[in-house]
Each structure stands twice: as C-alpha cells, then as structure tokens.
Amino acid sequence: MRSLPKLPLLTLLVASALSLHAQEPDPSLYDGLEYRSVGPTRGGRSTAVAGVAGEPFTFYMGTTGGGVWETTDAGTSWNNISDKDFKAGSIGAITVAPSDVNVIYVGTGSACARGNVSPGIGIYKSMDKGKTWEHSGLSEAGQVGKIEVHPRNPDLVYVAALGNVFGSNNQRGIFRSSDGGKSWDKVLYVSDSTGAIDLAMDPKNPRIIYAAMWRAERKPWTLIDGGMQGGIWKTKDGGDTWKKLEGGLPTGVVGRIGLTLSPSNPSRVWALIQTKIESDGGLYRSENGGETWTKVNRHHKLRQRGWYYTHITADPRDENVIYASNTGFYKSIDGGKTFDRIWTPHGDNHGVWINPDNTDIMINCNDGGANVSLNGGDSWSTQYNQPTSEFYRVSVDNQFPFRVYAGQQDNTTISVPSSYRPALTPFQHWSSAGGAESGDVAVDPRNPNVMYAGAYSGEITYMDLSKDYIQERTAYPHYTEGTEQRDLKYRWQWNFPITINPFNPDEIFHTSNVVMKSTDQGATWEVISPDLTRAIDEYHDIPGGPVQHDGTGVEIYSTIFAFELSSIEQGLMWAGSDDGMVHISRDNGSTWQDVTPSAIPLEGTVNKIYPSVHDAAVAYIAVYNYRYKDFSPYILKTSDYGKNWDLLSDGKNGIPDDHFTRVVIEDNKVKGLLYAGTEFGMYVSFNDGKSWKSLQLNLPVVPITDAEWIDNSLALSTQGRSFWILDDLGPLQQAKEADAGMPFIFKPKTAYRTNVGGKGLRIFYYLAEETELKIKVLKGEEVVKSFSSDPTEGESKIEPEIGLNSLYWNLRTTGPEIVPDFVSMVMGNREQGPYIPPGKYIISFDISGENESVDFTVEKDPRWDHLAQEDFDQQWQLAREIMATIQESQDLIRELRSIREQVDDISKRTEKAGYSKELVEQAKSLSKSLTEVEGEIIQNKIETSQDAINYPRKFSNHIGRLYGVLVRYHGPPTGGVLDRWMDVKMEHEVNLKAFNDLKSGKLTQFLDLLASEKVTPIIMGKN
C-alpha cells in the first residue's frame, strides 16, 4: 500500500489555488458529508392538508417549499415523508383516497401564488401511506389547486391544474386519470392562460363534479388576477362533458373562486367568488346543484386578498355549517349568511380538513404551518415543531459560536445559534433581530448585540440587545402598499439588502432604487448613487389587477436587489437590480459604472453578488429569470471589475437547465471553489465554474435562497426548511489532493474546548477498500485517545466503511474502567475521562499496518479570556491523578472480589472433601474481612441509583463526586476541589492499608494453612 500523503494546510491551500485545471475529484471523496439543520422549528407556510377518516390522529401537511409531512399523534410531532422521492418541495394539494388509505395523491406547486411562489413539477402518488412515492405525470401543470379521488375507486382521480403561473401553457385545466395516474386526459380546458383552481365532487354521485377556473399570472412587478374566461363548470358524466354554470353567478371579469358542497346534501353548493365589480363578489349558494345561485354574504373578511385565499369547506355532516379560510378562520352555522371567527395559532389561513366521522377533529393550514384540533377549534396543536420556515436571505455574525439571521416569511426576523449549550426548550436561544418577516439583517462586526433589520416600505430598525433597545430608523417613512410605484420617492423592495462596511463598521448601507448610507446608526441617511435600475415606468402602477391589487411590497420593481462591499478593497461596491442591471463603484459610491453582463436576461433578477476574498477584481453573481418563464441557471464571473463576464452555467455543465439559480459564493480559503444554490438544491464547482457537481448530500430538495461562508462552514437559508449548516468544508477544500483509489486523511478543522455542542474534533478520512483501522490521538508521544475497528481494552470502537468516513470526538479521554455492578448517582460504568487541554496534537492512522498522521489544534472558547493555558493544564494533571486513583480503587475491588470468590470456593470444596475445620473457619473469617474492606471502598448494598439515599456513601461515591466536579467543566481546580482531594486521597490510603494488612495477615495465614494441608493456593493478580 502506498503511504498516505500528509497535508500541511499552507501547502494544501496553495496547491488548491493553483490546480483549478486539474481533474475534478471523485464525489466519493466528499459525499459522506452531512448538512445539519439548526432550525428554527417554527412552522412556515402550508396551503394543503388532509387527514384519514378512520385514523383520527393521522394527518398530512403540504408546505410551500419543504415537502410533505405526516403526524400520527394529532400534531404532537411531525415527520417528513417526501424527502426521499420528491424532486420539488412546493406542495399545492394532498388527497387520501377515501376507499384506500394507503393511496395518497400529492400535487406539487402551491396555488396560493404569492410573489415568491415556487413552481410545481406535477403529481406524486404513494400506495403505501407515504413510505414511497412515484412521480405520476403532469410535469408541466405548474401549480395544482385541488385533487379529488372517486370515493370507491382509488384509481379514478381528478386534478385541478392552474398551470404555469409565470406564463401561458397548455397543461392547465381539469385532468382525469382512470389508471391511478399512469396516464391523464385533459377533460376541461379553457385556454392557455386560464386554469383550474378548485374542485368539488358529489360523494353520493361522483360523476357530478364542479370546477372553478381562474386566470392567474405572476410577473416580477405584478399579479394578473382574473379574466373574462373564469367561472364555474359542472360535469354530470365524470368529466366527459362540461357545462359552464350561470343562473345568477357573476359575469364579466372574474377572479379566484372557492368551491364546496355539502356531503350530507350535495345539492347545496357554495362558491366564494372574487370579481372586478366589487358589488358582484361574495359567497354564493345553490340549492339545486348549481342550476341557480343566490348571494348570501358579501363581507370583505371573506374576500380580502382574494387571490391568496378564497378557500371554503363544508362540514361533512351538517348542511348548514361551512368554514371560510382567509386572514382569519371563520365558521358559519346558518348556511353562510353569517360567520364567526375561530382563533388559530397563526393567521393567513388556507384550508381545513374535517374528519367525517367526528367533525370536532380537524386540521387547519396557514402561513405558520399546520395545527390539529380535537375539539372543534377550541384548542390547537403547536406549530413550534415544524422546521419549515421560509427565509429570503441569510446573514451571519462573527461571534463564537456564530449565529444565523434572516426574516421568516409571515413571522418575524429571527436569530438562531449555529451551535448552543443544552437548552430547556428548542427555542430558548432564539431571538428577534428587529424589522419584520421580509427583512434582511446586518450585524455589527464589533458587537453582535447591535443589528439592523429591514421590513416593509423601507422600514429599517436599529436594535441593541444588550440594552433591550430598538428604534425604527427608516430613511423616508412612506407606505408602499396601495401606492402607485411611480409616486414613490424611493422604491424599496420589501426584501431590500442591508450591508455594513467591513472597513468602517460605522457606515451602514441599504438600498431602494438608489444606495443610501448612514454614519450615525441609521438616524439619518444620505443618497450616494443615482437610480441604478432600468426604472421601467410601465411597470410602476399599483401592482395587481384587474380583480384585486397585490401591493405588499413584494411587487415593488426596478429596485437594487443585491448589494455588497468588497472585504479586501476599500471603497469597492457592487449593486445588482431586480430588472437586470449591475453597477460598480470603486470610490465608496462617489461614481458608478454600468457593468451589466450581456449574458443575463434583459430583466433578470440579480439575486446575489459575491465579491471574491482572494482577488478584488473578481466577483460572482447569481441571476434568476423564472418569473418570466425562464428557468435557466445564470451564474456569472468577472475577473476585471465587471468589464467582462463569463457565464458559468449553461444548463449542460452540471446544473440542469431548469434549476434556476438563487445564490453563488466562493470558498474563502480555496480560490475558485464555488457553491451554488438553486431552486432544487445545492451544487459545487472545483474548477471555478467550468463544471458543477451535486452537493445535495442529505439536504432535502428545497429552494436554497442564500448562503454565507463562515468559520470554514457553509450556512444556508431555505424557502421551506429553515437553516442548514455544512459544518466543515475541509473535505471539499482538500478533495483535489486526494485519489479516490487510495486512502486519504483530511486535515481537521480546529477543535474547541467549550460548553457549546458540536465543537469537538471531527476527523474525515477516505477509504478505498475495506480494511482494519486504528486511530490514535497523541500529545507528543502520549496517547490520549484511541479508536479501532477491532478494539482492545481502552479503545473505542469505530466501523469504517468504503468512501468518506466521519468520526466525531468530544475531546474527552477514555475514563476509568468501573466494575460492572457499580451503581452511583454521580459516576456510571462508562464515565468519561477529562477533556484534553488546548494545544497541538497529532492524529495517527494505522491502516492495515501503514501509518500516517496529521496534526490538529485544540483552542479554548475564544470568549473565555479569563482562562489561561496553565488553568487547563492544571485541571488535566489533577484529573488524571484522580482518575488513576479511581482506577486503582476499582482494580482493588476486583482483586478483593476475586480473592473472596476463590476463598469461598475453596471453603466449600475443602469442607466437602473432609479437610480440617480450622481451614473452613479461617476461610469464612477471611471472606468476611475481604467483604468489610470492599465495603469501605464501594457501597455494595446499592442496587439502583437512588438507593444511594438510603445507605451511607463510601469512598467510590465520594471520589466519583469529586471527579465529576473537576472533569465535567472547564477551568482550573477550585480551592474546594483541592481541599476535598487531600481528604479523599487519605481515605484511599486507609483503604490500601486495610487491604495490605489483610494480605500480610489473615490472607498469608490462610495461604500457609492451605500449603500445610496441600490445598491449591489462591491466585492473585501479578500486580
């Protein structure tokens, strides 16, 4: 076997930087890496739910980015069931076949198409209750509004396809499958711009189906809501023929429609209809199966922001009960004439599923996730158990451990730790960062308590956590909602970037259509740029129409959407707009140059700019254009301050041509090592974008909205699965130096003595074949920890596999070996050893007899400036001394027991064999004395941990308590520990003397007697 290469870090980085042309590394060298979800477990948007009639605690939730989730305990816990098989995370509809609970149909693409909506990719089907899934066609159906399954035939299914929400397409309308989704027939089609949003099937006569048709199209600056072709259709023959219903329904321009019928009286049908003429809109009811209609309610609480809501659901048993989901969740008991609100854990409601066997059991979905009620809505399950948060951007600070920040859609901004000490609750360490749901967050690099966060209408807040102080410091308070964009002094996108100057943290920047700077923590702002957008006036009406406007701030257009400052060239600024422009300033904003690449679409959104930390002339940008029905990936690089650009993604070099890109960043250690986040996952390039490979690993398929490099880790924000971190990029940084045909050791990341979890030593190594392996951690020549695939005494077992292996060690050595039946409240059979002190260490690898090594460093928590190296060294020395004493006492117990067992055995055998009475009496006396000495070392009456309360503590308990106080924490021994150690050490000496006296006295006499009577003597330990 060839000897393993050593990896000095400097050599590695230089080699990596100079070897971009080299052959790409084999994915097996890094595909054992794993992302780590760091939360928050605070639910994100859900617009689809379902339940199982015969299983009252089983429900399904479809999220708008994070896939499908199942609960079998009424919302107490949730598990994702789509990650393994789905290729998209946005869910529009879920239906369980009424006649077979094993059959579940899921339509991808949420049909509540707010400005950040993700596209769907068709239908998935499970035949084993969600354990496995198969794609079942309609890949171009875009957003799926509803799925209905025949009540007695699980293979007969109908889909309401809204279609591609970003442009015209033909795969929209009502689709029918008679073979369980293997093939589909388009049975109702209106046009390539008007699709289906809702379905209602008569459970008593499933040939009767109602369909709602709606024109909806998203543009970057607006929502097209409604058209002349919308309305309600009905079929009486299972979809073979359809008739558009009239009979009192609104005509003209119609918007979104919600449909439902009473299962107990299917002739009673409701339609919640949005219309351009306000007086025509409202809740309509038919008593004759849709032949004629009467408007029964016009209240705006059912109709506000109708394109986003307009959901109605009939009670399965009571024909007078109907539910409406809007910003609030409402219930009517008089057929829809009046509604009362039912309070839910979160607003912005999108639907409810009600158990037909017990209508008090229901699940509601909203912009905060899903919640279950077992008492008709009087109380609900929590949404703080769903890691489905949607984030637009991600920010990190430079404290230890670093924290991750973002604005969570339909919630607050949030700050979560990348690692943390044990918590009382999962959200103990979460905090708000100011601003609001849409906001970017920037943290002062000098003081992580100080942060700036954005919100709607250009709002920006200043917060100092150390003082519990927050103030809005908006440059120009002016509502964007309900205002023509051309009338705005500044066009602030609701997700506008905020940046702090790395060279002068007193300079804060944020952007609208211009760049603004503050030097007084946001109290005043100065405009330092002209309009850096295309400023297309025709797009600057009030967003939305013709039915309803949608002016939340998402649609504010022609804005600076990405803004960054170089960290290596002072005064270098980059600005990218959402209408396809890139500008640069090299004099801190005094002058600006248009450096827009010709390779990006005319009005593509520059979503991310990443200035290189290796070369100031280099920058990377990620551009998307999916809102113009262009799903191509656009990643570009400039090497000359924007004069020229290279396209790094052509749809053929690793990133598929429909995986539009949201983010690209460069590794801060290895030049040209790139990471890209797309709508459907992560990619890596080892050759500066010439080619790309999947870096999905264990990451769920979810839109990756942003990424940051920090502490040799990759922090990701997602649109539907909260934050994720790839903790150690070492294997990726070093993969080009490895050979997939040979074993390889990756140089470890620095480990830390800290109370924060996950900061110990992580060792990555690659094996090309099965082999025996021993790993030793050495301090000089001393072995402080050993691992082995075939362990002997003192070694921890590892199970290496072919490919990349990861071994995590918490920096604690192997503890003393405790006797098997030792029971204590403070020290168990597997008590660990002390933490190793900070310093330089070596990891020695023995692979089938070949030995190589790499070095690593242990550092103290950088916040612990009160501790010196000598403190850790003193703790280490005393801990090992105490541990040696524990081991000696435990060995003494073993010796005492061994002697006693042999004495008792000899006593029994010699008595039966007729030896002298004196021998038997001496044996019993010796055995009793051995037990008495053992009883001073260990309390052998204790059988379970809290028995210790009932019996006097003995030496083992006392030294175990002392040992725990010393080794479970970080720092020098306290005076109390040192004082107690003196006393405990004296106790140990007393026990040793008692044993030695017993050996030289009674035991010697007994051995002499055995010899005189020619009986085989006692076997004692050599030591």
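T64 is buried: its relative accessible area is 2%, and buried means under 20%. The model is predicted. T64 sits in a loop, between strand 3 (55–63) and strand 4 (68–71). What surrounds T64 there? Leaving out residues up to four places away in sequence, T64 touches R45, T47, G89, S90, I91, S110, S118 and E390. Take I91 from that list. T64 and I91 lie 27 residues apart in sequence, yet their C-alpha atoms are 5.3 Å apart in space.

Now move along the chain to the largest nonpolar core. This core has 39 residues. Which of them touch the most other members? They are I882, V903 and F1006. Helix 3 supplies the largest share, eleven residues.

Look at F1006 itself. Beyond its neighbours within four places in sequence, F1006 contacts V903, I906, L919, Q922, A923, L926 and I1018. A second core is separate and holds 32 residues, among them L716, L732, A738 and F764.

Helix 4 has 21 residues, so at 1.5 Å a residue it should span 30 Å. Its end C-alpha atoms are 31 Å apart, which agrees. Which residues of helix 4 are buried? They are L919, V920, A923, L926, S927, S929, L930, V933, E934, G935 and I937. An α-helix has 3.6 residues a turn, so residues three or four places apart point the same way. The cover over the buried residues of helix 4 includes helix 3, helix 5 and helix 6.

Technical notes
Residues are numbered from 1 along each chain as its sequence is written. This is a predicted model: local features need pLDDT of at least 70, side-chain atom pairs count only at pLDDT 80 or more; totals for chains, interfaces and linings use all residues. Side-chain values use heavy atoms; hydrogens and water are left out. Helices (H or I, at least four residues) and strands (E, at least two) are DSSP runs, numbered from the N terminus. Buried means under 20% relative accessible area, exposed over 50%, partly exposed in between (1.4 Å probe, protein chains only). Contact means heavy atoms within 4.5 Å. A nonpolar core is a set of buried Ala, Val, Leu, Ile, Met, Phe, Trp, Tyr and Cys residues joined through side-chain atoms within 4.5 Å. The expected span of a helix is 1.5 Å times one less than its number of residues.
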